[in-house]
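Please read this short report with the sequence and the model side by side. Find each residue as it comes up.

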Amino acid sequence: MSEIKVNKVSPRSGTGVTLGDSGDTITVPSGATLDTSNSTVTLPDNSVTTAKINNEAVTPAKLGYDYNQFRNIIINGDMSIAQRGTSATGLTGSGYNTCDRWRSQISSAGTWSQSQSTEVPSGQGFATSYKWDCTTADASLAAGDSIIFQQRVEAQFLQYLKKGTSNAESLTLSFWVRSNKTGTYIANLYDENNRNISKAYTISAADTWEKKTLTFAGDTSGAFGNDNAIGLYVQFFLAAGSNYTSGTLATSWESYTAANQAVGQVNLADSTSNEWFITGVQLEAGTTASDFEFLPHDVNLQRCQSYYYVFGDRRTSGAFPIIQQHSIGTGITHYLNQMVISVTMKVNMRAVPSIDQTSGTDFFQYYHGTEDNFDSFTGISSNGQAQMIIRNTNQISASIGEVGIVYVNGTDAYTAFDSEL
């Protein structure tokens with residue numbers, strides 16, 4: 001066998017070099033490296049088999065499909081679902097207001113409007129964001145004042161993180177954020193075991209979308225329960241009094257100490273000029289952030305409906321939505337003139353829900369040849385987590401067994417089931 005030793009092979013003309021002829025085998029000896037980092041190598045079909053590819057060479061970025069669907073722990077991170085409505089005003093307390101799964105906690109820190117906004121980072125694929133707008137300022141926070149924007153995550157969805165073991169997974173939080181108020185903000189993870197960890201991020205340029213990525217080490221203490229209760233709070237501070245800022249920021253997992261939770265946090269409530277936007281929120285296992293996982297709208301909606309399910313709503317429509325065709329007193333004949341409706345959902349709810357509804361004069365109507373208006377539903381019971389029974393027991397004049405249709409009648413009327421965390 002002939003052997004040629006050279007340091008470099010260059011083309012006589014052009015930029016291409018051919019090694020061997022058709023049918024030849026080019027061998028790179030074991031232990032040798034063929035460096036093609038600045039070149040293009042063209043290989044014939046079927047010349048590379050899986051046996052010849054190192055595991056380390058196959059990375060997610062090189063795969064042609066989504067190798068890890070539903071990797072995002074956050075639901076509705078693109079703020080595209082807003083069953084409760086697209087805006088809310090005069091907010092001073094806690095609750096779910098606009099975009100699904102996102103909860104606000106305002107503790108004596110100004111008055112706010114919130115909305116599903118179309119202000120989004122350009123060219124990133126997002127259509128909506130969550131907007132906070134300060135309408136009454138609080139420039140001097142008391143010690144216990146705070147504002148937290150959070151999502152609560154079921155413990156049973158977090159088992160693969162192996163929290164509380166020596167193999168606990170790190171978590172990476174990524175998101176797009178924008179505000180006129182520059183400075184330091186705090187993101188925090190708080191678990192069901194009263195343990196937490198915080199990371200600071202900086203909004204550097206006013207009124208400019210910025211992408212932030214924060215990595216939280218895995219926690220070898222405090223395993224998640226395996227149930228449908230809260231396992232983890234994913235939290236964004238927008239304001240914090242000295243009760244939360246007077247210590248040392250908890251950049252490693254530790255037992256909760258309030259003073260260590262939000263050290264350095266700016267006060268977004270200090271001016272009515274202040275606003276804050278966020279979208280593209282993703283929390284995933286590992287130490288790197290992947291591209292945001294966009295889900296089909298129907299899939300995203302169904303995930304949200306496990307926690308909040310609207311089944312009659314006239315707030316966004318001039319029509320009269322039909323809640324259900326039903327019969328009077330069916331199966332409960334000992335109640336005279338009781339209207340019973342069985343509502344079957346498209347999803348299993350997280351838990352047996354409560355009913356969320358508006359209540360007002362003639363907000364609902366039962367039509368059975370004649371019209372019976374009523375103000376609200378007066379009871380709810382469960383026939384499993386995918387079927388609820390609601391009723392009105394005191395405003396219907398009809399015969400037992402009679403069939404009719406229920407409408408949402410009031411212009412601001414709606415009915416929904418609520419099993420939020």
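Tryptophan 176 faces lysine 211, which lies in E10. Strand E7 (residues 171–179) runs antiparallel to E10, and seven bridges join the two. Two strands count as paired if DSSP finds at least two bridges between them. Strands (E, at least two residues) and helices (H or I, at least four) are DSSP runs, numbered from the N terminus.

E7 and E10 belong to an open sheet of six strands, ordered E1-E4-E5-E13-E7-E10, with antiparallel pairing. Strand E1 (87–91) and strand E10 (210–216) are the edge strands, each pairing on one side only. On average, neighbouring strands of this sheet are turned by 20° against each other, direction ignored.

## The model and its totals

This is a predicted model: local features need pLDDT of at least 70, side-chain atom pairs count only at pLDDT 80 or more, and totals for chains, interfaces and linings use all residues. Residues are numbered from 1 along each chain as its sequence is written, and side-chain values use heavy atoms, with hydrogens and water left out.

Buried means under 20% relative accessible area, exposed means over 50%, and partly exposed is in between (1.4 Å probe, protein chains only). Take the contacts in the protein with a separation of 6 or more: residues 24 or more positions apart account for 73% of them. A contact means heavy atoms within 4.5 Å.

## Aromatic rings

How many aromatic pairs does a search of the whole structure find? The search finds 20. Rings of Phe, Tyr and Trp (its six-membered ring) pair if their centres lie within 6.5 Å; planes under 30 degrees apart count as stacked, over 60 as edge-to-face and the rest as tilted. Tryptophan 102 and phenylalanine 149 form a stacked pair, 4.9 Å centre to centre with 20° between the planes. This pair links distant parts of the chain, 47 residues apart. Tryptophan 102 is in the loop between strand E2 (94–96) and strand E3 (103–107), while phenylalanine 149 is in strand E6 (residues 146–154). Tryptophan 102 is buried, at 0% relative accessible area. Phenylalanine 149 is buried too, with a relative accessibility of 0%.

Phenylalanine 149 also pairs with tryptophan 132, this time edge-to-face: 5.8 Å centre to centre, 85° between the planes. Tryptophan 132 lies in strand E5 (residues 129–136) and phenylalanine 149 in strand E6, so their pair ties together parts 17 residues apart in sequence. Both residues, tryptophan 132 and phenylalanine 149, are buried. Ring pairs link a cluster that includes Trp102, Trp132 and Phe149, along with Trp112, Tyr130, Phe175, Tyr185, Tyr201, Phe236 and Trp276.

## Threonine 136

Threonine 136 is also in strand E5. Its relative accessibility is 41%, so threonine 136 counts as partly exposed. Leaving aside neighbours within four places in sequence, threonine 136 contacts Gly110, Thr111 and Thr272. Serine 113 is 23 residues away along the chain, and the two C-alpha atoms are separated by 9.6 Å.

Another open sheet has three strands, in the order E14-E23-E17, with antiparallel pairing. Strand E14 (308–313) and strand E17 (354–357) are at the edges, each pairing on one side only. E14 and strand E23 (residues 414–418) pair over five bridges. Here tyrosine 308 stands opposite aspartate 418 in E23.

Which residues of helix H1 (residues 297–305) are buried? They are Asn300, Cys304 and Gln305. Seen down the axis of H1, its buried residues fall within an arc of 140°, so they line one face of the helix. The arc is that of the directions from the helix axis to the C-beta atoms. The buried residues of H1 pack against E14.

## Arginine 84

Arginine 84 is in the segment before E1. Its relative accessible area is 11%, so arginine 84 is buried.

Technical notes. Axes fitted to C-alpha atoms, helices over the stretch in contact; angles between N-to-C directions.
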